[in-house]
Amino acid sequence: MKAHFTGSVPPAPIIIAGGGTSTAEGVPATSALLLAPVGIAVDGSGNLFIAETSNVVRKVSSSGIINTFAGGAPTGQLGDGGPATAANMCPDGLTTDAAGNLYIADACNGRIRKVTPAGMIGTVAGGAPPPTTFPYDNGDGGPATKAIVSPVGIAVDGAGNLFILEGGSVRKVSGGIINTIAGTNQVGYSGDGGPATQATFNAPRGIAVDSAGRVYVAELNNAVVRVLTPTSKPVLISAVLDAASETAAAITPGKIAVVYGSGLGPAAVAVNTPSQTSFGTSVAGTSILFNGVAGPMIYASANQASAIAPYEIAGSTSVQVVAQSSAGVSDSFAAAVAPASPSMFSLNLTGAGHIAAVNQDGSINTAANPANRGDFISLYATGEGQTVPPGTDGALANGTLLPRPVLPVQVTIGGIDSPPVYAGAAPTEVSGLMQIVVYIPSQVQPGGYVPVELKIGSASTANGAAWIAVSDK
């Protein structure tokens with residue numbers, strides 16, 4: 001019996017662009033010479049966009065005419081805010097949104113570029129300087145344009161959310177904020193059936209998103225296509241960061257942490273009010289649990305909450321963080337635990353830049369209000385780990401015997417050792433906030449950018465980007 005088809009026969013493939021020899025603009029696409037096309041996308045009007053390794057994106061109109069749409073400028077000429085044809089780029093993955101905007105994974109510039117239908121270009125993700133130390137803060141939980149990205153592919157959903165495929169993770173940009181939604185940045189194949197943030201990938205190369213919000217990832221070395229299914233839970237944790245540095249540093253007993261996600265608390269920020277002796281473990285119906293133990297709460301809102309890791313996690317190497325709110329309970333989020341992982345609070349709330357320091361006269365240290373050499377200065381940090389006497393969750397530091405870190409504390413100012421006069425709980429403040437009082441050595445070179453390093457045990461804040469101002473007096 002002869003085999004036969006039912007229905008219509010699929011059309012034979014035809015060339016719609018390339019195959020020719022012309023390098024001119026405005027010619028039929030089938031007569032054009034394409035230089036190693038690596039990515040394509042189509043918008044709602046039927047325009048075809050082609051990413052070439054010649055560092056340009058070509059556009060084939062619905063009438064079949066090809067022109068350069070983006071790229072072609074010299075190296076170093078980003079071109080943001082101007083015509084896309086005056087921008088430099090290394091286009092790879094492409095995608096479009098419902099409004100006709102084209103998104104370009106710009107590999108050599110570490111950015112996601114957006115080109116409007118009118119041909120104007122801008123950066124919507126990436127742009128932070130490449131890291132110089134590892135591990136590093138990739139910018140999760142903050143503005144996408146201040147993040148470090150290494151794009152391999154991109155996709156956009158119907159709501160305009162941008163998904164960025166990197167070498168070992170998938171990140172989502174929503175409302176201008178970037179977060180990792182899948183992957184640990186470790187090479188492997190694990191995590192199926194569990195939280196996507198705990199999964200490992202091996203050479204992911206393609207990404208797509210469907211109308212239900214499912215994200216598909218094609219992996220080259222694992223030879224599979226995997227799907228990330230949106231959680232049905234109304235409460236979601238996307239990142240757990242150090243409150244002082246805003247980085248995914250290891251959690252320590254007593255560390256003040258910030259949790260990012262959705263459904264975490266009320267729409268407006270609710271700040272916890274301590275009793276006469278301690279902070280409670282719930283605010284506006286929100287609690288954050290660390291290995292099942294609720295931590296003292298600082299504040300809670302819909303997308304951000306702050307809590308202090310309980311001292312009970314001492315001795316652990318990892319912790320499962322869970323958020324509970326009036327909306328429900330989140331899946332657990334895994335974070336590393338260390339004996340100490342210090343970070344200093346800064347004026348810009350990033351743990352870098354000018355430190356939030358108090359001069360000897362009680363004033364805030366700034367470039368316009370420097371400290372004098374020979375004076376003492378107070379610094380504030382978190383992540384010191386277990387204390388003596390043992391820390392009490394949420395307790396306010398009162399009395400004559402204030403908790404001090406078990407591990408030794410060292411401070412250098414301007415590269416010169418300055419043994420702490422005091423290093424322990426900040427008086428009247430919650431356990432987990434550490435105060436360090438040091439003298440500014442007379443040998444310190446004065447200036448507005450005198451580097452400060454805090455070391456507790458073997459862990460250090462050394463990042464070359466934290467400083468105080470010191471006068472020449």
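## Rings, a disulfide, a strand and a pocket

W467 is partly exposed, with a relative accessible area of 23%. Keep in mind that this is a predicted model. W467 is a handy place to start, as its ring has a partner.

That partner is Y449: the two ring centres sit 5.1 Å apart with the planes at 65°, so the pair is edge-to-face. Angles over 60 degrees get that label. Y449 belongs to strand β36 (residues 447–456) and W467 to strand β38 (residues 466–470), so the contact ties together parts 18 residues apart in sequence. Y449 itself is exposed, at 63% relative accessible area.

The count of aromatic pairs comes to three. Another of them is F376 with Y439, whose ring centres are 6.1 Å apart and whose planes meet at 85°, so this one is edge-to-face too. It links distant parts of the chain, with F376 in strand β29 (residues 376–382) and Y439 in strand β35 (residues 434–439), 63 residues apart.

| Pair | Centre distance | Plane angle |
|---|---|---|
| F376 and Y439 | 6.1 Å | 85° |
| Y449 and W467 | 5.1 Å | 65° |

Now for the cysteines. The model has one disulfide. It joins C90 and C108, with the sulfur atoms 2.2 Å apart. The torsion about that S-S bond is about 95°, so the disulfide of C90 and C108 is right-handed. Both ends sit in loops: C90 lies between β5 (65–71) and β6 (91–96), and C108 between β7 (102–106) and β8 (111–115), so the bond ties together parts 18 residues apart in sequence. C90 is partly exposed, at 22% relative accessible area, and C108 is partly exposed as well, at 43%.

The strand β7 deserves a look of its own. Five of its five residues are buried, so β7 is largely enclosed by the rest of the structure. In a regular strand, side chains alternate between the two faces of the sheet. In β7, L102, I104 and D106 point one way while Y103 and A105 point the other, and all are buried.

With β6 it runs antiparallel, joined by four bridges, and T96 has L102 of β7 as its bridge partner. The hairpin of β6 and β7 has five residues between the strands, and G100 there takes a positive phi near 90°. With β8, β7 again runs antiparallel, this time through five bridges. I104 stands opposite R113 in β8. The β7 and β8 hairpin has four residues between its strands, and G110 in the turn has a positive phi of about 60°.

Last stop, the second largest pocket. Its volume is about 1100 Å³. The lining holds 40 residues, and I181, A196, P230, T231 and L236 are the closest to the centre. Elements giving two or more residues to this lining are β12 (170–174), β13 (177–182), β16 (224–228), β17 (236–242) and β18 (256–262). β13 gives the most, with four residues. By residue type, the lining of this pocket splits into 16 nonpolar, 19 polar and five charged.

Terms used:
Residues are numbered from 1 along each chain as its sequence is written. This is a predicted model: local features need pLDDT of at least 70, side-chain atom pairs count only at pLDDT 80 or more; totals for chains, interfaces and linings use all residues. Side-chain values use heavy atoms; hydrogens and water are left out. On a 1 Å grid over the protein atoms alone, a cavity is a set of points where a 1.4 Å probe fits but cannot get out, and a pocket is an open set with protein on both sides within 12 Å along at least five of seven lines; lining residues have an atom within 4 Å of a point. Grid points are joined across faces, edges and corners, and a volume is the space filled by probe spheres set on the points. Ala, Val, Leu, Ile, Met, Phe, Trp, Tyr, Cys and Pro count as nonpolar, Asp, Glu, Lys and Arg as charged, and the others, Gly among them, as polar. Rings of Phe, Tyr and Trp (its six-membered ring) pair if their centres lie within 6.5 Å; planes under 30 degrees apart count as stacked, over 60 as edge-to-face and the rest as tilted. Buried means under 20% relative accessible area, exposed over 50%, partly exposed in between (1.4 Å probe, protein chains only). A disulfide is a pair of cysteine sulfur atoms within 2.5 Å. Two strands pair if DSSP finds at least two bridges between them.
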